Amino acid sequence: VYGVHQLLETNGTFACIIPKDREARFLEIAVHFQLLPVRTTYVQGTEDSKVKRCLIEFRFRKSVQNTNTVHKTGILVIEKSRHVYTNDYIQLTQDFYLKM
């Protein structure tokens, strides 16, 4: 996060994917460097599985305070069942996979 703090433009956006069990600590570090989460998406393998990943988008505190930015949170479920993907996952990844 220190490198992001040094390199990111004042109005820039930093996005990352982290394991769910590291989210709280990562947020503590980010806030220390004046980065606030503006959007978080939690990723689940299936509706019944635990959240495994967090997709988090950050902006500097001063750029967030100058706008009406609200922290948005969502959930992305990858599969309905084994190799049967959800529409949200297909829309997100279809440009990257030939057979999606």
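This section describes confidence, salt bridges and aromatic pairs in a predicted model.

Local features require pLDDT of at least 70, side-chain atom pairs count only at pLDDT 80 or more, and totals for chains, interfaces and linings use all residues. Residues are numbered from 1 along each chain as its sequence is written, and side-chain values use heavy atoms, with hydrogens and water left out.

The protein chain has an average pLDDT of 92 (the predictor's confidence in each residue, from 0 to 100). A score of at least 70 is reached by 95% of the residues. Confidence is highest in strand β1 (residues 14-19), at 97. It is lowest in helix α3 (residues 61-65), at a mean of 77. Helices (H or I, at least four residues) and strands (E, at least two) are DSSP runs, numbered from the N terminus.

Three salt bridges are present (a side-chain nitrogen of Lys or Arg within 4 Å of a carboxyl oxygen of Asp or Glu). Glu57 pairs with Arg39, with the closest N and O atoms 2.5 Å apart. Glu57 belongs to strand β3 (residues 51-60) and Arg39 to strand β2 (residues 35-44), so this bridge ties together parts 18 residues apart in sequence. Glu57 is buried, at a relative accessible area of 18%; Arg39 is partly exposed, at 45%. Buried means under 20% relative accessible area, exposed over 50%, and partly exposed in between (1.4 Å probe, protein chains only).

Glu23 bridges to Lys20, again through closest N and O atoms 2.5 Å apart. Glu23 is buried at 8% relative accessibility, whereas Lys20 is partly exposed at 32%. In the Glu28–Arg25 bridge, the closest N and O atoms are 3.0 Å apart. Both residues lie in helix α2 (residues 23-32), three residues apart, about one turn of the helix. Glu28 is partly exposed at 49%. Arg25 is exposed at 52%.

Four aromatic pairs were counted. Rings of Phe, Tyr and Trp (its six-membered ring) pair if their centres lie within 6.5 Å; planes under 30 degrees apart count as stacked, over 60 as edge-to-face and the rest as tilted. One of the four pairs is Phe14 with Phe58, stacked at 5.9 Å centre to centre and 25° between the planes. This pair links strand β1 to strand β3 across 44 residues. Both Phe14 and Phe58 are buried. The rings of Phe26 and Phe58 also have centres 5.9 Å apart, but their planes meet at 45°, so the pair is tilted. Phe26 is in helix α2 and Phe58 in strand β3, so parts 32 residues apart in sequence are tied together. Phe26 is buried, as is Phe58. Phe14, Phe26 and Phe58 form one aromatic cluster.
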